[in-house]
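Have a look at the model first, and then we can walk through it together.

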Amino acid sequence: MLETGIRILVIEDDAIFRHQLVCYLEICGARVFEAEDGIEGVAAAALYKPELVLCDLNMPAMDGHEVLACLRVRYPELPIIVISAQSRMDVVARVLRAGARDFLIKPIRDWELVRFSIEQSLNHTPSAMQQLELLEHMDALRRDDRLATRMVRQQLDSTLQEWGPWQVTSEGMGHLFIVESFRVSRSLLILVMELPLLGQDGPFCSALVRMLMNGPYRQYQEGESRLLEQPAKLLSYLNWHLCESGIRQPVSVAALLFSPDDNLLLANAGLASPHWLARCGGMPLGLLRDTDYPLHRRSWHAPFSLQVSNESGAELNLCIQHQQ
């Protein structure tokens, strides 16, 4: 839910989509104002003094780019989120550079992403701009194999990760598997990533995943989001943002949430080993934007061992310990 009574202005010429968006925002607790085109939207911003604006790009009379420029001059602190059917990266880059807090692509299939984007924008979380800056450095990484190799090696320096009573030990072959762990209240979240063997984006796909985890982890620590407690939704979040980043390389990731009472919640995006994890599998991240991942539950007992391997012969041995 959004903060009750928060004032949001929706500038959208498509009446059906505008109605859907307004209804969703009102269900979330917002006070919503509507505008059918850009000129009406600029006037509505002056009249209603919204705390956030959702704006389309292609509109009659005054398009979204002009609305964004106008509102940024008059109200430089006003958060603006663009929602458009345009998905070209040059359009996204232009909008973010012009000052939009985020860019969402129509049609909207997961409406929770709208709420999540609004919360980020109101909290001044610069995730969209950080993502744009990362995209601008991707060409340099592609051209410099040594730079990409150093980046991966930096992620592999530690094979022991400790979080209070939790201890994670990992051993493996090569640099094809990456393990990340996060303390989630009394539980422990583990991400197991298998990097793609081929493709120019392979060496730094794990860096993208790590960057995308920064927002949810910070928000969890501040009590603003519980996404880390939901492995399936977490994979959907990572998948959506990886697709939006322009990466067209499959990344296999499993999210496992261990609780001290021997309960394990998990979701799998493409890992094919071991057999019990493969049976819970879904599509790898980064292929289709609107992909859902099923949530599974099983028991576990410390010490917990997980052996992951792939067709190339690379192998990861993971051990989870919990001290009562």
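The mean pLDDT (the predictor's confidence in each residue, from 0 to 100) of the protein is 83, and 82% of its residues reach 70 or more. Over residues 145-158 the pLDDT is below 50, although this stretch has 16 contacts in the model beyond near neighbours in sequence; contact means heavy atoms within 4.5 Å. Where pLDDT is low, the predicted coordinates should not be read in detail.

This is a predicted model, where local features need pLDDT of at least 70 and side-chain atom pairs count only at pLDDT 80 or more, while totals for chains, interfaces and linings use all residues. Residues are numbered from 1 along each chain as its sequence is written, and side-chain values use heavy atoms, with hydrogens and water left out.

Now to the helices (DSSP runs of H or I, at least four residues, numbered from the N terminus).

| α1 | 15-27 | Leu-21, Tyr-24, Leu-25 |
| α5 | 112-122 | Glu-112, Val-114, Arg-115, Ile-118 |

The axes of α1 and α5 are 11 Å apart, at an angle of about 65°, and the two helices are therefore roughly perpendicular (65 to 115 degrees). By class, their contact has 5 nonpolar, no polar and 2 charged residues.

A search of the whole structure finds 10 aromatic pairs (ring centres within 6.5 Å). Phe-17 and Trp-111 form a stacked pair (planes under 30 degrees apart), with 6.0 Å centre to centre and 25° between the planes. Phe-17 lies in α1 and Trp-111 in the loop between β5 (102-105) and α5, 94 residues apart.

Key:
Axes are lines fitted to C-alpha atoms, for helices over the stretch in contact, and angles run from 0 to 180 degrees between N-to-C directions. Angles under 35 degrees count as roughly parallel, over 145 as roughly antiparallel, 65 to 115 as roughly perpendicular and the rest as oblique. Ala, Val, Leu, Ile, Met, Phe, Trp, Tyr, Cys and Pro count as nonpolar, Asp, Glu, Lys and Arg as charged, and the others, Gly among them, as polar. Rings of Phe, Tyr and Trp (its six-membered ring) pair if their centres lie within 6.5 Å; planes under 30 degrees apart count as stacked, over 60 as edge-to-face and the rest as tilted.
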